[in-house]
Amino acid sequence: MLNIALPKGRLGEQAHELLVRAGYAEGSLSETGRKLVIEYPAAGVRYFLVKPSDVAIYVEHGAADLGIVGKDILEEDRPDVYELLDLKIGRCRMCVAAKRGFVDEGTSVLRVATKFTNIAERYYASLGREVDIIKLNGSVELAPLLGLSEVIVDIVESGKTLRDNDLAVVAEIMPVSARLIANKVVYQFKSAEIMRLRGSLEGVTNDKD
């Protein structure tokens, strides 16, 4: 069996829908109740439902053969895994945002609040901009409103939360979507099964361009 780590929540539901269309699952994720392990013996797969930020950890350490995870997590944590396919779901953007009208004059250290400290550090290093990175785990949109930072680095989907808080995107760092990843060691031993699943998923994602 292929062991696959799926993220809990909306992304996991979207991924499960893709897997159903690819012939590797049945029904809907909501029908499984609170189960954390779901098996489809006929398809030769077993799914583990885990916290989105833990998917790559399970795959990297071999507890799961494959996983579905956001590109934001791959870029932030840089796990030692193979990235096999852009699934074209969970699309959003990693952006810099600030209060409306903010202009970075570049004359002082820029304070940046974010959950994604590594992404933010690399982005500003590429610009040669001196920054003070402030790690937050909650709603980073509060930081500019309360004077904790001048800007934030965060995921933006519709932009509604930014607009509701009088913030606006000032730069886009990268597009984000869900990716299929594989454990590097397992890939060597289960390459045929893995590539068969990848091919089936690729077939059902082509209409998402």
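The following conversation works through several descriptions of a predicted model and what each one rests on.

Trainee: What makes the span of helix H1 close to the expected one?

Mentor: Helix H1 covers residues 10-21, which is 12 residues, and from its first C-alpha to its last it reaches 17 Å.

Trainee: Which residues of H1 are buried, and why are they said to line one face of the helix?

Mentor: The buried residues are Gly12, Ala15, His16, Leu18 and Leu19. Seen down the axis of H1, these buried residues fall within an arc of 160°, and so they line one face of the helix. In general, an α-helix has 3.6 residues a turn, so residues three or four places apart point the same way. On the other side of H1, Arg10 and Glu17 are exposed.

Trainee: What do the buried residues of H1 pack against?

Mentor: They pack against strand S1 (2-7), strand S2 (37-40), strand S3 (45-50), strand S4 (66-70) and helix H8 (191-205). Just after H1, Gly23 takes a positive phi of about 90°.

Trainee: Why are S2 and strand S5 called edge strands of their sheet?

Mentor: That open sheet has 6 strands in the order S2-S3-S1-S4-S11-S5, and its pairing is mixed. S2 and S5 (82-86) each have a single partner strand, so one side of each is left without a neighbour in the sheet, and this is why they stand at the edges. Neighbouring strands of this sheet are turned by 25° against each other on average, if direction is ignored.

Trainee: How do you know that S4 and strand S11 count as paired?

Mentor: Two strands pair if at least two bridges are found between them, and S4 and S11 (residues 178-182) have 5 bridges, in the antiparallel sense, so they count as paired. Within this part of the sheet, Ile68 stands opposite Leu180 in S11. Helix H1 packs on the sheet, touching S1, S2, S3, S4 and S11, and its direction makes about 140° with that of S1. Helix H8 also packs on the sheet, where it touches S1, S3, S4, S5 and S11, and its direction makes about 30° with that of S5.

Trainee: Which strands stand at the edges of the open sheet of 5 strands?

Mentor: In that sheet the order is S8-S7-S9-S6-S10, again with mixed pairing, and strand S8 (131-135) and S10 are the edge strands, since each pairs on one side only. Strand S6 (residues 92-99) and strand S9 (residues 151-156) pair in the antiparallel sense over 6 bridges, and Arg93 stands opposite Val156 in S9.

Trainee: Why is Arg129 called buried, whereas Asp166 is called partly exposed?

Mentor: Buried means under 20% relative accessible area, and Arg129 has 17%, so it counts as buried. Arg129 lies in the loop between helix H4 (117-127) and S8, and, leaving aside its neighbours within four places in sequence, Arg129 is in contact with residues including Asp104, Thr107 and Tyr124. Partly exposed lies between that cut-off and the one for exposed, which is over 50%, and Asp166 has 43%, so it counts as partly exposed.

Trainee: Where does Asp166 lie, and what is its phi?

Mentor: Asp166 is in the loop between helix H6 (160-164) and strand S10 (167-176), and its phi is near 60°, a positive value in a residue other than glycine.

Technical notes:
Residues numbered from 1 in each chain as written. Predicted model: local features only at pLDDT ≥ 70, side-chain atom pairs only at ≥ 80, totals over all residues. Heavy atoms only, no water. Helix = DSSP H or I, 4+ residues; strand = E, 2+ residues; numbered from the N terminus. Expected span 1.5 Å × (residues − 1). Buried < 20%, exposed > 50% of the residue type's maximum accessible area, 1.4 Å probe, protein only. Arc of directions from axis to C-beta. Contact = heavy atoms within 4.5 Å. Axes fitted to C-alpha atoms, helices over the stretch in contact; angles between N-to-C directions.
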